[in-house]
Amino acid sequence: MAIPIAILDCDLLLHGRGHKTLDRFDLDSVSDDFLLTQFGFPREFILYLVELLREALCRRTQRSRAISPEVQVLAALGFYTSGSFQTSMGGTIGISQASMSRCVSNVTRALVEKAPQFITFNIREQSFQEFQKVAGFPGVLGVLDCVQVTIKAPNSEDSSYVNKKGFHSVGCQLVCDARGLLLSAETRWPGGLKDTDVLQRSALHTQLQDSQEGWLLGDRRYPLRKWLMTPIDSPETPAEFQYNMAHTATHEIVDRTFRAIQTRFRCLDDTKGYLQYSPERSSSILLACCVLHNASLQSGLDAWTLERTDPLEQPDGVEEKPEERDSQAEELRKQLILKHFS
């Protein structure tokens, strides 16, 4: 005999029927310090986010008992900045753990939809000037890196997400400007791909392939190209040493930026655990955090206030076959060193 199973709505048990929206948390009732401590952002920015995402969040919750956009945003920020669906967080804003999960999914999708608005690669003359002020390196469009975010092992026997360190991750190719603003963020790559393969397959590669203005800076893991300047493997002259020093000081900006993102958004910090989701959902959460990073920076918040101070990992150099070397790029770098670092 089949036994009927009652599906219980945890929010219904907690709050009863009869509400069109469940406004359980009043932003005006708590202090600025409380919001910053619990949700990682000041009141003004939280209110800005609510209005930015309101239409999308209301569209996704056309139910008789929808959770308000304010509560959804707070739930998502609580998760992003703590990495936890703890009951205490749901209790703070008056929703169940299951509803916390739904809110994070809704807000993540809404933020991903906003990515083209907040993450754009625009060549600006001012950007060249800002980079040159860092360490005297001219013509820099942005600084490039590929970072790894730890995830749980996928259900399939797919080894493509096992990175060179032996754990599962998604790769994220980032480019940022001198302020730490992200110009490009491609978050969907399996962690097992080499950085060079990610670059080769990325939209960024297609965009910059024929660029005639400026270059990105990449570390030793990348091949030298006319639009991608890399360090000299074995510098010999004072000018080559000076070039490498300026390159390192400038390129470090992208490392600092991602460390700051991990520190603000603890769900991405592998020292606290790993994302308990599929690669696809983990990639969306990572992109949502990138959108929030840019939105907060554009709103006047400091990109590096919460930067960690971990020592930088020294990358292995890329192994290029002689026929793969770009002689035009080598000549361009040689002339760059002679003109600006001699």
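Guide: Let's start with a polar contact: the side chains of D195 and R221 are joined at 3.2 Å. A polar contact here is a pair of N or O atoms within 3.5 Å; within protein, one must be able to donate a hydrogen and the other to accept it, and residues adjacent in sequence count only if both atoms are side-chain atoms. This is a predicted model, where local features need pLDDT of at least 70, side-chain atom pairs count only at pLDDT 80 or more, and totals for chains, interfaces and linings use all residues. Residues are numbered from 1 along each chain as its sequence is written, and side-chain values use heavy atoms, with hydrogens and water left out.

Visitor: Where does D195 sit, and what else is D195 in contact with?

Guide: D195 is in helix α9, residues 195–201. Helices (H or I, at least four residues) and strands (E, at least two) are DSSP runs, numbered from the N terminus. Leaving aside neighbours within four places in sequence, D195 is in contact with C146, R221 and Y222, where contact means heavy atoms within 4.5 Å.

Visitor: Is D195 buried or exposed?

Guide: D195 counts as buried because its relative accessibility is 11%. Buried means under 20% relative accessible area, exposed over 50%, and partly exposed in between, with a 1.4 Å probe and protein chains only.

Visitor: What about Q173, where is its place?

Guide: Q173 belongs to strand β4, residues 169–176. Its relative accessibility is 1%, so Q173 is buried. The side chain of Q173 reaches the backbone nitrogen of L199 at 3.4 Å. Beyond four places in sequence, the contacts of Q173 include L144, D145, C146, W189, L199 and S202.

Visitor: How far apart are S202 and Q173?

Guide: They are 29 residues apart in sequence and 8.5 Å apart in space, C-alpha to C-alpha. S202 lies in the loop between α9 and α10 (203–208), and S202 is buried, with a relative accessible area of 1%. Not counting residues up to four places away in sequence, S202 touches Q173, E186 and W189.

Visitor: Changing topic: how many residues are in the largest nonpolar core?

Guide: That core has 78 residues, and those with the most contacts inside it are Y80 and F137. A nonpolar core is a set of buried Ala, Val, Leu, Ile, Met, Phe, Trp, Tyr and Cys residues joined through side-chain atoms within 4.5 Å.

Visitor: Which helix gives the most to this core?

Guide: Helix α12 (residues 279–298) does, with nine residues. At least three residues come from each of domain 1 (27–117) and domain 2 (119–309 + 326–341), with bounds from an automatic or database domain assignment. Apart from this core lies another, of 17 residues, among them F121, W189, L208 and W227.
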